[in-house]
2 protein chains.
Amino acid sequence: MTAKSQHNWTADPAHVLRVGSGFVLSGRDPQSTPGYEGMKDDGRADLESGLEELAEYQERLFAASRGGAQDAVLLVLQAMDTAGKGGIVRHVVGGVDPQGVQLAAFKKPTEEELAHDFLWRIQKRVPEPGMLGVFDRSHYEDVLVARVHRLADEAEIERRFDAINEFEAGLVARGIRIVKVMLHISYEEQASRLRERLDRPDKHWKYNPGDVDERLRWPHYMSAYQSVFERTATEAAPWFVVPADRKWYARLAVQALLLDALEGIDPQWPAPTYDVEAEKKRLAAT
Amino acid sequence: MTAKSQHNWTADPAHVLRVGSGFVLSGRDPQSTPGYEGMKDDGRADLESGLEELAEYQERLFAASRGGAQDAVLLVLQAMDTAGKGGIVRHVVGGVDPQGVQLAAFKKPTEEELAHDFLWRIQKRVPEPGMLGVFDRSHYEDVLVARVHRLADEAEIERRFDAINEFEAGLVARGIRIVKVMLHISYEEQASRLRERLDRPDKHWKYNPGDVDERLRWPHYMSAYQSVFERTATEAAPWFVVPADRKWYARLAVQALLLDALEGIDPQWPAPTYDVEAEKKRLAAT
């Protein structure tokens with residue numbers, strides 16, 4: 001089912017963007033807008049109206065947890081540099097009450113983190129009941145960067161895939177809906193966005209010479225992502241590949257995926273745990 | 001100086017709302033709109049345009065920290081129940097990039113927290129360089145609730161006032177601008193807001209019978225706040241008492257106070273730490 005507030009979908013984004021069996025990353029076009037028949041202006045209008053729906057769902061999710069519900073949502077964002085993770089956080093997640101959001105940005109692991117299993121730092125940031133959690137990069141770095149840079153051998157990568165599936169199944173069993181998103185940009189679009197960061201003094205701080213080093217490993221990363229999809233796109237915790245050359249589409253699609261997850265939970269306002277009429281009298285007496 | 005984007009101030013809110021010597025809380029009117037000559041609609045329009053200015057300042061603050069700047073902002077929110085702390089977080093702080101915000105809500109202390117000094121849990125949540133930190137309640141609970149409920153004797157409260165002043169001076173020395181805000185509502189307005197929570201099923205979860213218990217201690221709380229202002233309104237970390245019966249005014253005023261703090265920092269885009277022209281060539285060769 002598509003979000004009530006987004007009007008121009010012709011197919012359910014949770015269906016058309018989902019990684020199913022036989023999925024081939026190289027067959028997906030980063031410029032496409034699967035399932036959406038509108039243009040940029042329609043997309044922006046739909047994003048705007050979707051914000052309200054998302055904000056209301058989030059408030060109900062939060063409220064329900066105060067009544068004891070265990071449900072939470074975890075959005076996992078993975079992508080090559082400049083693909084727009086930050087824009088998703090700003091323009092999609094930024095539309096809901098900050099009090100209901102738990103954002104975790106995973107950088108290069110520290111010495112302490114490296115001394116533990118790769119899931120150690122991840123487990124500490126799992127969203128609590130009622131929260132919308134966002135992982136800006138995640139445990140998937142440990143099977144992507146680790147593979148491309150040969151920081152772990154193939155046996156260890158395989159062990160990690162199994163550990164990830166087990167870990168995520170455990171989260172789902174606890175009531176956490178996991179939405180795993182790869183923002184898929186093209187090699188050409190990345191060049192253009194990196195160039196913009198070099199051209200604009202107010203963007204210089206976003207550029208890192210290491211970005212070009214990683215860019216030179218593009219085919220290795222695409223191959224590592226393909227393996228990730230083959231090994232960790234599970235029924236419990238599906239992957240969605242979102243074409244991201246058009247920022248407006250990527251934002252709209254991720255919003256739709258979050259709306260879909262929340263619609264699946266359908267959180268309800270909790271019943272009061274006190275006597276409403278008695279409290280009205282107590283209050284009136286003050 | 002008043003915010004460039006808020007047009008209807010006739011006096012600087014950072015001046016008129018600041019707790020100075022001789023301040024008397026009971027002399028302040030929670031319904032007033034000090035320094036602002038507009039009405040509700042003007043206030044909303046000014047809040048809207050202020051959001052953009054705040055978002056830009058926040059991005060520059062964040063960027064500057066990537067260049068090594070140590071500056072951060074810490075907004076401390078204290079208030080009686082229903083005064084609108086949540087609305088400030090949602091409508092003022094919620095307008096900036098979530099990636100630049102560190103929000104800490106301090107609830108009733110846990111056993112572990114009680115086993116440590118009262119500042120132990122606070123120190124762990126101090127915003128990092130570049131961040132806009134928000135304390136939803138704070139170490140001031142330990143000289144407010146603690147006093148009203150006699151959880152600590154007067155000598156201990158005095159010790160805490162000194163500890164707070166020393167702690168905050170240390171933060172300021174590290175580059176953190178502290179904006180301490182008490183949202184000031186009237187006893188009558190609180191009754192009306194609590195009543196609304198009891199009248200609306202979608203608000204029931206926000207009501208707690210303990211809210212009326214605390215309400216019955218209103219004069220004790222006001223007296224405890226007065227002491228807080230007398231002992232902890234310092235040059236380094238000033239207090240602002242913001243009339244909060246009109247939500248639109250309170251939000252606008254807190255936004256103005258944040259803009260004022262950021263204007264004082266005046267964060268700058270950092271200079272690149274790499275050779276821009278050389279990187280353009282490297283990128284073009286990919």
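Reader: In E3(A), which residue is the bridge partner of A:Val73?
Author: This is a predicted model, where local features need pLDDT of at least 70, side-chain atom pairs count only at pLDDT 80 or more, and totals for chains, interfaces and linings use all residues; side-chain values use heavy atoms, with hydrogens and water left out. Residues are numbered from 1 along each chain as its sequence is written, while chains are lettered from A and ligands numbered from 1 in the order in which they are written. Strand E1 (residues 72–79) of chain A pairs with E3(A) in the parallel sense over 5 bridges (strands, E, are DSSP runs of at least two residues and helices, H or I, of at least four, numbered from the N terminus; pairing takes at least two DSSP bridges). In E3(A), the partner of A:Val73 is A:Leu132.

Reader: And which residue in E3(A) is the bridge partner of A:Ala105?
Author: Look at strand E2 (residues 101–105) of chain A, which runs parallel to E3(A) and is joined to it by 5 bridges. There, A:Ala105 is bridged to A:Asp136.

Reader: How many residues of strand E3 of chain A are buried?
Author: Buried means under 20% relative accessible area (exposed is over 50%, partly exposed in between; 1.4 Å probe, protein chains only). In a regular strand, side chains alternate between the two faces of the sheet. On one side of E3(A) sit A:Leu132, A:Val134 and A:Asp136, on the other A:Gly133 and A:Phe135, all buried. For E3 (residues 132–136), that makes 5 of 5.

Reader: How far apart are the end C-alpha atoms of helix H2 of chain A?
Author: The expected span is 1.5 Å times one less than the number of residues. H2(A) has 27 residues (40–66), so it should span 39 Å. The model agrees, with its end C-alpha atoms apart by 39 Å.

Reader: Is B:Thr82 buried or exposed?
Author: You'll find B:Thr82 in the loop between strand E1 (72–79) and helix H3 (85–91) of chain B. Leaving out residues up to four places away in sequence, B:Thr82 touches B:Ile185, B:Gln190, B:Arg193, B:Leu194 and B:Arg197 (contact means heavy atoms within 4.5 Å). With a relative accessible area of 9%, B:Thr82 is buried.

Reader: What rotation superposes chain B on chain A?
Author: Copies are superposed by least squares on C-alpha atoms of residues with pLDDT (the predictor's confidence in each residue, from 0 to 100) of at least 70 in both. Here the shift along the axis is 0.0 Å and the RMSD 0.0 Å, with a rotation of 180°. The two copies are thus related as by a two-fold rotation axis.
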